[in-house]
Amino acid sequence: MRTLLPKLFLLCFFFIPVSAFAQTLLKKEYNMFRGEDVIIKQQVKYKSPGRSGANVLWDFGKQEAINEKYKLSYTQSEHDPLVTGFEHNTLYHYLLRNDSLYSLGYENSTTIMHNQRLELLLIFPFSYQKRLEGYYYGTGNYCHRLYLTAQGKTVTLGDAYGMIILPNGDTLQHVLRVRSLKKIAEKMVPYVQKDSVIKPIVNIDSINYHLNNDSVYMQVETYRWYADGYRYPIFETVESITYKNHKPLKHFNTAFFYSPDKHSYLNNDPKNLARLDEIEKENKDCKGALGGNGNSSGNNPNKELINYNVYIEKGNNKISIEYNLNQQSDVTISLYDMQGRLLINYPKTKYPEGFYQESIALDGFQLGEYLLRIVVDDKVYGEKIAKQN
C-alpha cells in the first residue's frame, strides 16, 4: 500500500546544505610540501582502494597496523625551490616550478637517480576528473658499479571524491582521491663495459618503445586520499607489479594511514587550521538546519549514528547505498516519489556496528526525482535522488 509522506518530512530534504557534498580542491598554498614538516604515519595492511567516481564511502576502519611509527619529513633551504623528502632511508627530491610539481630523482645508500627529463607529479590546483600525463627519463648508478637508466610514463587522475572511514574510527568528508599510475623501464650496465655505457635518449618515441618492447618493466599504482583542511594525504595505498614478457612476476602492496592527530605540522599551518575551523562551523550550521539529523560531522571526529553515501550506478539502473553504523542500531530504508508516496520499503532491522551496502533497483521507474529516507533508531536522514537517461 502506498502511503502519504508527511509534509514536514518532505521539507527537511530541501534544507540539506550544498556544502555537505563539496569537493576538495588541492591548492599550492594548502597542499604543497613544506620544509621542516614532519609526519608520523602508520603502515597498515593493504586493502583494495575501492571504486572511483562521485560520492564514494571508503571503509578502512579495520586495517591492521604493521608499523606504527613510519616517519616522513621534509627539508628546504631558504629561498630554494627544491624540497627534499626523507622516508624509508631514501631522499626524494622535488621541484615546484610555477604551479607544477616535479620529481628530480632520489638517492639512498646504494642507488642514485637523477631525472634529466623531469617527472610531472601534479599541477595546482588539482580537482576531481583532472588528468595529467607526463614522460620522464633518469640516469644514475648502483653502488658505483652499475650504470642505471629509468624511463617511463606517469598518469595522474583525480578519480574520486567522497567520505572515508579511517583506522582510528574517525570519519572525514570532503575527501579527494588522486590516482597515480607509473610505468618504469629500467636498465643496468656494468661500468667496465665502456662500449655499452648508456647514452641518454629522452624523446617520447624512445620511451614508448622501451615501455612496449622491453622484456621486463614495472608498474606502480598509488592512491592518495586528501581531506579538506590537511596539507598531506590522510590515507595512501601503493601496489607495484613487475612484468616479464607482459606477465606478472613479482607483486607488492601496502598502505599508510596519516592519522590526523599525528599531523604535528598543523601547529604551524595557519591556512589549514583556519580551514578546519571553517569546516567545524559549517558542520554546526548543517546540523542546526537539519534539526540535529545531519550526516556525519565531516572532519570533526564527533560521530553521528551513521555515515553514508548514496549514488546511482551508471548502466546498472539502481541506487547504491553505502553506510557505516557507529553503534548497533535499528535501520529502515524507504524510497518515495516527490508526492510523498511510498514506493519501496526495507523494514526495520537491527544491525551491529559496521559497514553495509544496499541497493534499490529502478527498473520500471519513470525518469525524475525521488526521495530516499534512512531511519537509524529515532533519527531521520534523507537524500534527493534523480533518475536520468
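How many residues lie between β9 and β10 in their hairpin, and which residue in the turn has a positive phi?

## Basis of the model

This is a predicted model, in which local features need pLDDT of at least 70 and side-chain atom pairs count only at pLDDT 80 or more, while totals for chains, interfaces and linings use all residues. Residues are numbered from 1 along each chain as its sequence is written, and side-chain values use heavy atoms, with hydrogens and water left out.

Five residues separate β9 from β10 in the hairpin, and G169 in the turn has a positive phi of about 95°. Helices (H or I, at least four residues) and strands (E, at least two) are DSSP runs, numbered from the N terminus. Two strands pair if DSSP finds at least two bridges between them.

Strand β9 (residues 146–165) and strand β10 (residues 171–190) run antiparallel and are joined by 18 bridges. Within this pairing, A150 has E186 of β10 as its bridge partner.

## Nonpolar cores

A nonpolar core is a set of buried Ala, Val, Leu, Ile, Met, Phe, Trp, Tyr and Cys residues joined through side-chain atoms within 4.5 Å. Buried means under 20% relative accessible area, exposed over 50%, and partly exposed in between (1.4 Å probe, protein chains only). The largest such core has 43 residues, of which I164, W225, I234 and F235 touch the most other members. At least two of its residues come from each of β1 (38–44), β2 (53–59), β3 (65–75), β9, β10, β11, β13 (247–257) and α4 (270–289). Another core, of 21 residues, lies apart from it and includes V331, I333, L335 and V376.

Contact means heavy atoms within 4.5 Å. Not counting residues up to four places away in sequence, the residues that W225 touches include P49, W58, F60, I164, V175, I234 and F235.

## Backbone exceptions

Most residues other than glycine have a negative phi, and most peptide bonds are trans. H174, in strand β10, has a positive phi near 55°; this residue is buried, with a relative accessible area of 5%. E36 also has a positive phi, near 80°, and lies in the loop between α2 (28–31) and β1. At 62% relative accessibility, E36 counts as exposed.

A cis peptide bond, with omega about -10°, joins F124 and P125. P125 belongs to the loop between β7 (111–123) and β8 (131–142).
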